[in-house]
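Subject: Structure handover

Hello,

Here is the structure for your files. My notes on it follow below.

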Amino acid sequence: MDNSDLEAAVRSGVVSADVADRLRNFSAKRRSAPEADEERLNLVSGIADVMSAIGIFMFVGAAFLALTLITPLAAAWVAPICWLLAEYFTRRRKQALTSFLIYGGFVIASGLAVVAVAFMLPFGGSAIQFDTRPTPEPVSLVQALIIAAGMMACSMAWWVRFRLPIAYAAAWVAGVNVATHVIRLCFPDASEAFVGFYLLGAGISLLAVAVWWDITDIRRETYRTDVAFWLHAAAGFAIAGASYRLLFGLQRQTDGWDRLYNFATLDPGISAAIAGLLLFAVFLCVALVIDRRALLMSSLGFAIPAAAKLFSSLSPAIAPFAAAMGIGTVLILLAFGWLSMRKALLALLPTTLRAQLPRTAIENFSSRPVR
């Protein structure tokens, strides 16, 4: 049984809240770590879940391809099929992997419908280039805004009905895209620096929402912790990507809002590499304080090239291997000393702030109502 099962059992009166707490404390003692520190993520419910997921993947995938052969818009009919499947597999059976696949199919199918509607509307305007082909298909800013708003509405409807945590995070990411296109309409000639810092601010706003969800359940005993995880993952990617692109620069020449669609960073110089590793250390401190590893893991793709640049001054041949071993050593040391390092950092914070963060004690001795 996971925490959501225990929570439901307490609400139903099957077990008392005290018994549930004792079970959680027993589990924490066996693992020598607080329950919150585990950051458990329910991805697979069991072999039955895997079998259902394979069946759903084959059925929905075949239906999608068959309808696409008729006309691409016909594939939008997969969306209501996925909704009906979710009524059983997500709402009733609560199978994790199957629920993710069904939601993915719903998003793709409903996305096709939203894109079709957006292209049917007579909106022109400046073009967004989604690829680097010689003659890419342009999408006007108004059309892009409609698509982002439609995807936000679809994900939010899925969240309201099925309470799937990843759907809530996806709705927030789509909401950030809506805000981005509105700002782009208002400031079409924004500078590269403005766009870079805006993307950083967007990531920080996602992190703030994720932290709020964490604060509502600092023991991470309810579905709120899964919602927070996916928000942290999205925020970590956005913050790390924006920070390191501002720091290293981009490989392709960009002009203002073109930074939105350019993800490849330049090979950093020595000074930029040092700054990148210092930024990685900042991410590490933030991850330790809030007891979330998403921000740290999202920055690995940038920290490794920075470390390789430093090692290349000694021996270019072994630089990639030395960088991987160095960063890997840091992660292994964190696995051993995460709890003790958290204790040291939390001791530097005010008591009122520490009260809103996950505890470092192995056992919980009193109940804390979920906000």
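Helix 1 (3-12), helix 2 (17-31), helix 5 (96-120), helix 6 (141-162) and helix 9 (224-248) each contribute at least two residues to the lining of the largest pocket. Helices here are DSSP runs (H or I, at least four residues), numbered from the N terminus. A pocket is an open set of points on a 1 Å grid over the protein atoms alone, with protein on both sides within 12 Å along at least five of seven lines, and lining residues have an atom within 4 Å of a point.

Before the rest, the basis. This is a predicted model, in which local features need pLDDT of at least 70 and side-chain atom pairs count only at pLDDT 80 or more, while totals for chains, interfaces and linings use all residues. Residues are numbered from 1 along each chain as its sequence is written, and side-chain values use heavy atoms, with hydrogens and water left out.

Back to the largest pocket: its space comes to about 1,200 Å³. A volume is the space filled by probe spheres set on the grid points, which are joined across faces, edges and corners. The pocket is lined by 40 residues, and Asp2, Ser4, Asn42, Tyr223 and Asp226 are the closest to its centre. Helix 1 gives the most to this lining, seven residues. By class the lining has 13 nonpolar, 10 polar and 17 charged residues. Nonpolar means Ala, Val, Leu, Ile, Met, Phe, Trp, Tyr, Cys and Pro; charged means Asp, Glu, Lys and Arg; the others, Gly among them, are polar.

There are also three cavities of 30 Å³ or more in the whole structure. A cavity is a set of grid points where a 1.4 Å probe fits but cannot get out. The largest cavity has a volume of about 90 Å³. Its lining holds 13 residues, with Pro34, Glu35, Ala36, Arg219 and Asn364 nearest its centre. Seven of the lining residues are nonpolar, two polar and four charged.

Arg163 is not a glycine, yet has a positive phi of about 55°; Arg163 sits in the loop between helix 6 and helix 7 (165-186). Arg220 also has a positive phi of about 55° without being a glycine, and lies in the loop between helix 8 (192-215) and helix 9. Arg163 counts as partly exposed because its relative accessibility is 42%, whereas Arg220, at 4%, counts as buried. The cut-offs are under 20% relative accessible area for buried, over 50% for exposed and in between for partly exposed (1.4 Å probe, protein chains only).

Regards
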